[in-house]
Amino acid sequence: MFSKLKLNTRITTLGIAVTLLFSLATASLYPQLKTKFYSEKKEKTRNLVEVAHAVIRSYVELEKAGALSQEEAQSAAKLMLEKVRYDSSNYFWVNDMGPKMVMHPVKPELNGQDLSEISDPNDKFLFNEMVAIAKKEGAGYVDYYWPKPGLQKPAPKISYVKLEDTWNWIVGSGIYVDDVEASINSLFLKLFSILATITILGSLAFLYFSRSISKPIDNIIEKIESGAERINAASLQVSNCSSRLAEEATTQAASLAQASTASEVTSTMTTQNAQNSSQAQDLMNSTKSVVREASQAMDNLTQAMISITESSLESSKVVKTIDEIAFQTNILALNAAVEAARAGEAGTGFAVVADEVRGLAQRAATAARDTGRLIDDTVQKIEAGSKTVTDTANSFKGAEEQSSRLSGLIEEIHSASSKQSSGIHDINTTILSIDKITHENAANAEETAAAAHDLKSEAQQLNALIDDLASIVHGAKGRLPQAAKSPLECTTSFTSQPTTNQVSERNSEVLWN
């Protein structure tokens, strides 16, 4: 029931309860204070009676010393006690063992009268009881009713009496109980007035301080509640983003693994291409040497063909000379035949020789003509062969230049393949590093998701504590209903990873471009 109250109501109620409990505790002290007050008053009366008895005793001593007669001593003692007052109206009286009143300062008409028949409204023979106590104990308290000075109505009174056995005097004095109770009641009335004032002021103060406490607490609750809602929303967003990041990181790790595999395959192919280009470069260097040697051989062959052509021309000149000699020989043979014919029979033998010489000259001329034709044909063929050899030599020179250019291109391809292999190796190393980082990011994302989940649990516990605090401040109604807030969505976008085919295509473009 108490837990359903507001904080300021609780504090105010607590303050009032404390004040009331203090008041009740003070009220419970009333009997003890009353008893103690009576005891103090009775003790005070006893002490004063002891003083009065000491006064009488001093005069008894003066009598015994002979300084005063008994009558003078008693008169002086009575005169002394008659004038004494304390607490403004209290007094001493003296009666003897008769009992008879010896001295009463308030009612002097009682002096010398017999007191044995005097009783209070309760039929208590108070003076007889005083005598009985004096005889028995020498001193003691007697309670009775006796009129106050100036009044006729008896009031409750407690007196202390003490016997002076030398003169058989009983000196006494008392306190009126109603005065004591009035003093106590006045004291407690003032005390309870103060307590009532303290209660009212304390209640107002508790109400003020409770409101001054509850209002800042309300503000704190609102701020904590707003912070808890933001923490809850942020934890949900972090959890969603971390889960999504973990999934994307896992997918990215798989894509990186495929890309790494494709990169390794491409690196292997690039390394093999570099090796093949190196072998092709070696072959081109060999081919270049062969072509250079063949070009040199064709140059030599061209020179040889030129020499043959020159020799054929010289042979053609010789054949012409032979043809001319055969022609001259034939003419000489004709002349010799003419001369032999002129010589007649003596020149027959010479005619035969001339005829044979003529025949040989004709044959030599025929052979020279044939040889000339052959030499001309040979020269033509040699010229054609020389042209062919020249063209072939030029072709070999062009082939040599093309081989040099091809060798340079293959060397550039080999250098590019080597650099490409090194670059792909670096890319593969980078991919492995990215793969490692991606796995670490995935693990961190999972840990972040777990931490976000814990943060969400802490936010829920914080909301529960806020509810408890609000229920303490506002009572059973607790917090005011808040508008429901939808959790924040993860707005982080992730770049999609290239597939294995895309990686292979890109590697192929890099390889062949």
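**Exercise 1.** How close do the axes of helix α2 and helix α3 come, and at roughly what angle do they cross?

*Solution.* Begin with the general idea that two packed helices are described by the angle between their axes and the distance between the axes. In this predicted model, helix α2 covers residues 30-65 and helix α3 covers residues 70-83, and their axes come within 9 Å and cross at roughly 160°. Because angles over 145 degrees count as roughly antiparallel, α2 is roughly antiparallel to α3.

**Exercise 2.** Which residues in α2 meet which residues in α3?

*Solution.* From α2 come Ala52, Val55, Ile56, Tyr59 and Glu63, and these meet Gln70, Ala73, Ala76, Ala77, Met80 and Leu81 in α3. Sorted by class, the contact of α2 with α3 has nine nonpolar residues, one polar residue and one charged residue.

**Exercise 3.** Find the peptide bond from glycine 98 to proline 99, and say whether it is cis or trans.

*Solution.* First place proline 99, which is in the loop between β1 (93-96) and β2 (101-103). Then read omega for the bond from glycine 98 to proline 99: it is near 5°, and the bond is cis.

**Exercise 4.** What is phi of aspartate 123, and where is this residue placed?

*Solution.* Phi of aspartate 123 is near 60°, a positive value in a residue other than glycine. Aspartate 123 is in the loop between β2 and α4 (126-137).

**Exercise 5.** How much of the span of residues 187-209 is helix, and how far apart are its end C-alpha atoms?

*Solution.* An unreviewed UniProt entry lists residues 187-209 as "transmembrane region". In the model this span is 100% helix and 0% strand, and its end C-alpha atoms lie 31 Å apart.

Methods
Residues numbered from 1 in each chain as written. Predicted model: local features only at pLDDT ≥ 70, side-chain atom pairs only at ≥ 80, totals over all residues. Heavy atoms only, no water. UniProt positions renumbered as here; feature names shortened; annotations may be inferred. Helix = DSSP H or I, 4+ residues; strand = E, 2+ residues; numbered from the N terminus. Axes fitted to C-alpha atoms, helices over the stretch in contact; angles between N-to-C directions. Parallel < 35°, antiparallel > 145°, perpendicular 65-115°, else oblique. Contact = heavy atoms within 4.5 Å. Nonpolar A, V, L, I, M, F, W, Y, C, P; charged D, E, K, R; others polar.
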